[in-house]
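Hello,

Here is the structure I promised to pass on to you. Have a look at it first, and then read on for what turned up in it.

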Amino acid sequence: PIPCVPWQSQTSGQVADAAIAEELTSEELQAKFEETRIALVAKIGENMNIRRVEYVKGGSLASYRHGERIGVVVAGEADEETLKHVAMHVAASRPEFVNPEDVPAEVVERERKLQIEIAMNEGKPAEIAEKMVAGRMKKFTGEVSLTGQAFIMEPKQTVGQILKAKNASVSSFIRLEVGEGIEEKRKSTDCVAARLRLPRHTGD
């Protein structure tokens with residue numbers, strides 16, 4: 001598992017150990033470590049919480065941590081070095097799915113409609129727009145999937161091509177980043193705070 005816990009390393013290690021041993025949910029981990037959290041908040045003066053925990057299972061596993069903010073675990077059938085390189089790729093390139101065919105139909109359809117609208121706004125007839133979009137959709141599903149992306153260490157080949165050449169495969173991965181998913185909420189809060197700090201005009 002990768003607990004997304006911006007805590008001191010000793011405490012985050014304890015959380016990870018508990019998660020592995022008992023396969024606890026984030027809510028269960030929050031309850032288990034609430035007293036520890038309160039003590040840490042009082043000690044360092046910063047609020048913190050256990051927001052997410054994810055479990056990855058597979059034949060072989062490899063992990064990669066980029067600094068203190070990004071953690072990746074990759075599962076598959078490959079040697080440790082290959083999976084480690086794939087994990088580094090996931091950290092850098094942020095794929096959303098393993099394979100192009102894994103992209104949900106509703107995601108593909110939403111993007112297809114958007115691309116058709118763009119093409120028609122460029123003045124293309126509907127039938128021409130449809131043909132153009134077919135090519136664009138193949139590119140889209142490749143860009144958002146791990147095996148369809150250009151490999152960061154060998155950009156002339158896709159991750160899928162690299163794996164195939166090594167008779168390897170990836171079954172799943174997870175990428176967690178500290179603060180991920182709360183940026184927009186924070187921006188909105190910052191905007192409100194900025195407005196509240198603006199000096200009030202009282203007239204002459």
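A word on terms before the details: two strands pair if DSSP finds at least two bridges between them. Helices (H or I, at least four residues) and strands (E, at least two) are DSSP runs, numbered from the N terminus. This is a predicted model, in which local features need pLDDT of at least 70 and side-chain atom pairs count only at pLDDT 80 or more, while totals for chains, interfaces and linings use all residues. Residues are numbered from 1 along each chain as its sequence is written, and side-chain values use heavy atoms, with hydrogens and water left out.

Let's begin with strand β2 (residues 70–77). Its link to strand β5 (residues 169–177) is antiparallel and has 8 bridges; there, Ile70 is partnered with Glu177. Strand β1 (residues 60–66) also pairs with β2 in the antiparallel sense, over 7 bridges, and His66 stands opposite Ile70. The hairpin of β1 and β2 has 3 residues between the strands, and Gly67 in the turn has a positive phi of about 65°. Because 7 of its 8 residues are buried, β2 is largely enclosed by the rest of the structure (buried means under 20% relative accessible area, exposed over 50%, partly exposed in between, with a 1.4 Å probe and protein chains only).

Glu23, between α1 (9–22) and α2 (26–32), has a positive phi near 50° without being a glycine, and is partly exposed at 44% relative accessibility. Arg94, between α4 (80–93) and α5 (105–121), has a positive phi near 55° and is not a glycine either.

Happy browsing!
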